[in-house]
Amino acid sequence: MIPKEVMKMTKEQGVKMVDLKFMDYPGMWQHLTVPISQLEEDSFEEGFGFDGSSIRGWQAIHASDMLLLPDPATAVMDPFTAAPTLSLICNIVDPITKERYSRDPRNIAQKAEAYLKSTGIADTAFFGPEAEFFIFDDIRYDSQPNCTYYYIDSVEGQWNTGRVEGPNLGYKSRYKEGYFPVPPTDSMNDLRTEMVLVMEQVGIAVEAQHHEVASGGQAEIDMRFNSLTKIADSLMWYKYIIKNVARKHGKTVTLMPKPIFGDNGTGMHCHQSLWKGGQPLFAGNGYAGLSDMALWYIGGILKHANALCALVAPTTNSYKRLVPGYEAPVNLAYSSRNRSAAIRIPMYSPSPKAKRMEVRFPDCSSNGYLAFSAMLMAGLDGVQNKIDPGQPLDKDIYELGPEELKGVPSVPGSLDAALTALENDHEFLLKGDVFTQDAIDTWIDYKRKREVDPVRLRPHPYEFVLYYDI
């Protein structure tokens with residue numbers, strides 16, 4: 001869609017307001033809403049001014065003036081506003097130089113796609129994230145100098161089998177047995193379907209929705225794969241839609257990787273493939289039907305996995321999910337079909353177009369623009385340097401003995417360790433000026449000061465169980 005078509009759309013839809021959406025650096029949508037009278041064809045080139053100093057991870061106060069430049073290709077009617085509202089995703093530019101802002105995550109994603117084309121290796125990188133989330137009925141939390149707590153509740157929670165509900169009808173999914181039960185045990189089917197229908201309303205192609213493994217309302221809705229920036233745009237709509245549909249029904253959604261102790265966490269397995277001239281490049285005669293390029297791409301992901309974790313599993317809570325010895329794919333190996341490996345080669349279809357690899361350690365707390373860009377850059381580094389991924393591991397990793405497991409590396413054990421890995425290994429991200437040194441340094445500094453330190457400075461409630469009577 002071009003600006004002229006957007007202006008025509010506003011008249012046809014009776015638009016009253018225009019919502020300008022953009023990303024902060026950690027990965028949450030921000031917005032500014034203007035009356036339709038403020039939108040003209042020139043607005044797509046001249047932009048809308050705003051103060052960038054209050055956006056997380058962005059400008060200093062002395063250089064705070066910035067411009068929102070709407071992308072006409074993203075025009076869609078917002079499904080949740082009372083007044084007819086046109087939604088536009090924006091790119092961020094400097095008002096003086098008109099240069100794209102280096103810390104705008106969408107800019108980084110678009111530079112990653114441009115770099116891919118410049119290499120001649122491929123012209124399109126497809127990503128298909130499997131985003132999981134929890135739907136809760138109540139959430140309360142607080143942290144004070146003398147107390148801290150959180151309290152989660154869900155009508156589906158196994159912990160509520162004995163609760164007086166007037167009446168309690170049972171049908172609470174057992175821990176780790178929430179995968180694919182039919183209603184009434186799956187009480188969220190209609191809610192997830194409404195989420196799917198709203199996604200389709202804004203142009204997102206959805207493949208399936210289902211209950212996930214954990215008790216307490218864990219869910220998954222699978223979007224059809226798309227090119228890097230487009231699927232990152234869709235992931236932001238995905239998060240916006242599931243939260244707002246849930247709120248409409250008096251429920252709340254979280255994409256935290258590990259909100260519930262003792263049950264499965266929430267991941268975001270990322271399917272990836274490279275194409276050129278409309279042809280898939282990952283199909284071949286190698287292991288699991290892969291091409292040499294696909295295997296080298298895997299080699300790049302495995303080589304840079306520790307650094308990638310700082311961007312694809314970027315919260316302290318991510319490492320409550322990525323714990324060795326449990327079901328999370330912490331072991332840096334690849335395998336066909338084996339879901340216990342960090343990288344899996346899906347074997348659903350023999351078609352070359354379906355050949356892809358799946359990175360399983362990312363989670364939904366990540367900024368999709370940054371996460372997908374970083375994985376692409378790691379994979380391309382593997383292709384450019386023909387990095388051998390080693391031998392596949394087709395055994396069940398969780399059944400390996402200590403001697404066998406000793407040779408299998410694993411992801412970092414904490415966000416701080418992942419950030420250290422990124423400090424030591426980020427040259428692959430700087431190629432083509434996709435990530436700038438400033439963008440990487442800002443990410444590391446923000447995460448350490450705003451997340452790592454605040455968590456490690458506070459006593460944990462379970463420490464009182466362990467140590468109060470020492």
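In which loop is Phe180 found? Select Phe180 and look either side: this is the loop between β9 and α4. Helices here are DSSP runs of H or I with at least four residues, strands are E runs of at least two, and both are numbered from the N terminus. Now check the backbone: phi of Phe180 is near 70 degrees, a positive value in a residue other than glycine.

Two housekeeping notes before moving on. This is a predicted model, so local features need pLDDT of at least 70 and side-chain atom pairs count only at pLDDT 80 or more, while totals for chains, interfaces and linings use all residues. Residues are numbered from 1 along each chain as its sequence is written, and side-chain values use heavy atoms, with hydrogens and water left out.

**Stay in that loop**

Select Gly166 and Pro167: the peptide bond joining them is cis, with omega near 0 degrees. Pro167 sits between β9 (147–153) and α4 (189–201). Then pick Pro183 and Pro184, where you'll find a cis peptide bond with omega near 10 degrees. Pro184 also belongs to the loop between β9 and α4.

Jump to Lys98, in the loop between β6 (85–93) and α3 (105–119). Its phi is near 65 degrees, positive although the residue is not glycine. Lys98 is partly exposed, at 47% relative accessible area (buried means under 20%, exposed over 50%, partly exposed in between, with a 1.4 Å probe and protein chains only).

Next, select Phe261, in the loop between β13 (252–254) and β14 (268–276). Buried or exposed? Phe261 is exposed, with a relative accessible area of 77%.

**Into the core**

In soluble globular proteins, nonpolar side chains tend to be buried together. A nonpolar core here is a set of buried Ala, Val, Leu, Ile, Met, Phe, Trp, Tyr and Cys residues joined through side-chain atoms within 4.5 Å. The largest one has 124 residues, and those with the most contacts inside it include Phe133, Met195, Ile301 and Phe361. A second, separate core of five residues includes Phe134, Phe136, Ala214 and Ile260.

Centre on Ile301. Leaving aside residues up to four places away in sequence, Ile301 touches Leu308, Met357, Phe361 and Met375, among others (contact means heavy atoms within 4.5 Å).

**Two helix pairs**

Show α7 (305–312) and α9 (368–384): their axes come within 9 Å and cross at roughly 165 degrees. Axes are lines fitted to C-alpha atoms, for helices over the stretch in contact, and angles run from 0 to 180 degrees between N-to-C directions. That makes α7 roughly antiparallel to α9 (the label for angles over 145 degrees). Leu308, Leu311 and Val312 in α7 meet Leu370, Ala371, Ala374, Met375 and Ala378 in α9.

Finish with α11 (415–424) and α13 (437–456), whose axes come within 10 Å and cross at roughly 160 degrees. That makes α11 roughly antiparallel to α13. Colour the contact residues: among them are Leu415, Asp416 and Glu423 in α11, and Trp443, Lys447 and Arg448 in α13.

How values were computed:
Angles under 35 degrees count as roughly parallel, over 145 as roughly antiparallel, 65 to 115 as roughly perpendicular and the rest as oblique.
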